[in-house]
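Let's take a walk through a protein model together, from its overall contacts down to a single residue. Have a look at the picture first, then read on.

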Amino acid sequence: MYRIGIIGTENTHALTFAKLINLPNEKTGKLLYPDAKVVGVYGPDLESATRIVEEANAEFIAASADNFFGKVDAMIITCRKGSLHAQYAMPFIQKGIPCFIDKPFTVDREEAVKLIEEAKKRNVPLSGGSGCKLAYDVTLLQNEVEQMVKANTMITGSVSFPADPDSEYDGFYFYSPHLVEMALTIFGFDVESVVAFEKNKSRICLFRYKNYDITLNFTKDAKQYTGIIYGQEKNVVRNIDISFIFKQEVEHYIHMLRTGEMPQSYEELVKPVSVINAIEQAIQTGKETKVQ
């Protein structure tokens with residue numbers, strides 16, 4: 001049995017993950033993951049922590065993050081503020097405990113690099129980031145780009161998703177990982193530099209690749225998300241449905257616990273942080289900014 005702890009109960013993701021893991025499937029009456037259970041949670045918001053215990057059958061509310069040691073085999077770090085992720089995840093990685101670290105992986109590239117250096121040193125598998133990259137429509141768009149690139153017919157593309165530069169949860173870092181990670185999944189992780197502009201609290205960002213550029217539209221308060229690919233032979237337009245991403249995230253995470261196989265490489269976990277850092281710098285300086 002994989003005993004799992006959750007830190008960050010104030011995030012609605014925590015209850016969703018706990019229910020998917022702990023509760024029987026409504027149609028079959030069977031557990032999706034009989035070899036895994038969310039056993040404990042840590043707030044520090046007591047109300048949300050209590051709700052997970054009551055509604056998802058977790059066993060205890062930890063008095064502190066340290067209280068998990070000896071009681072869990074794996075962790076989910078899902079604080080609404082990504083600036084807290086590194087400080088909570090590092091002690092578990094140092095103990096050899098696999099972690100899912102929700103979006104944003106971190107808000108600082110140096111913190112992200114330190115986490116993966118420690119994980120590599122101790123051979124600890126990690127997963128996380130935005131679940132939006134797992135949406136079926138994102139996979140279909142990714143396949144279209146791969147085919148166009150092979151045929152040398154790719155011209156450009158665009159993806160939209162909301163983000164609020166003034167969010168109380170670390171500002172732009174709170175929601176921007178969704179769009180950044182979808183774009184990287186669809187068009188490739190080898191983006192070299194970014195250009196960014198802000199108006200009316202929405203941002204337009206240019207991702208510059210070696211052979212093409214694409215645009216990201218961080219559309220504040222928008223309710224619909226869209227991906228577009230422009231090619232010489234055809235254009236592809238898809239509205240992006242993110243309805244089932246939580247189940248997919250849990251599926252990837254449990255598979256990682258069972259096999260040790262990471263859904264993404266360590267470098268792919270860090271790249272979105274590097275990109276968002278570059279976007280923030282581009283906004284502040286008004287200049288094209290290289291992605292580290």
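Start with who touches whom: of the contacts in the protein between residues at least 6 apart in sequence, 70% link residues at least 24 apart. A contact here means heavy atoms within 4.5 Å.

A quick word on the ground rules. This is a predicted model, where local features need pLDDT of at least 70 and side-chain atom pairs count only at pLDDT 80 or more, while totals for chains, interfaces and linings use all residues. Residues are numbered from 1 along each chain as its sequence is written, and side-chain values use heavy atoms, with hydrogens and water left out.

Now for the overall build. The protein has eight helices and 13 strands; these are DSSP runs numbered from the N terminus, with helices (H or I) of at least four residues and strands (E) of at least two. Its radius of gyration is 19 Å, which agrees with the value near 19 Å for a compact globule of 292 residues. That radius is taken over C-alpha atoms, and the globule rule is 2.2 Å times the number of residues to the power 0.38. Of the 292 residues, 53% are buried, where buried means under 20% relative accessible area (1.4 Å probe, protein chains only).

Next, the strands. Six of them make an open sheet in the order S3-S2-S1-S4-S5-S6, with parallel pairing. At its edges sit S3 (60-61) and S6 (126-129), each pairing on one side only. Two strands count as paired if DSSP finds at least two bridges between them. Elsewhere in the list of pairs, S8 and S9 form a hairpin with two residues between them, and Asn200 in the turn has a positive phi of about 55 degrees.

| Pair | Direction | Bridges |
|---|---|---|
| S8 (residues 193-199) and S9 (residues 202-208) | antiparallel | seven |
| S8 and S13 (residues 289-290) | antiparallel | two |
| S5 (residues 99-102) and S6 | parallel | four |

Glu181 lies in helix H6 (residues 176-187) and is buried, with a relative accessible area of 6%.

Key: Buried < 20%, exposed > 50% of the residue type's maximum accessible area, 1.4 Å probe, protein only.
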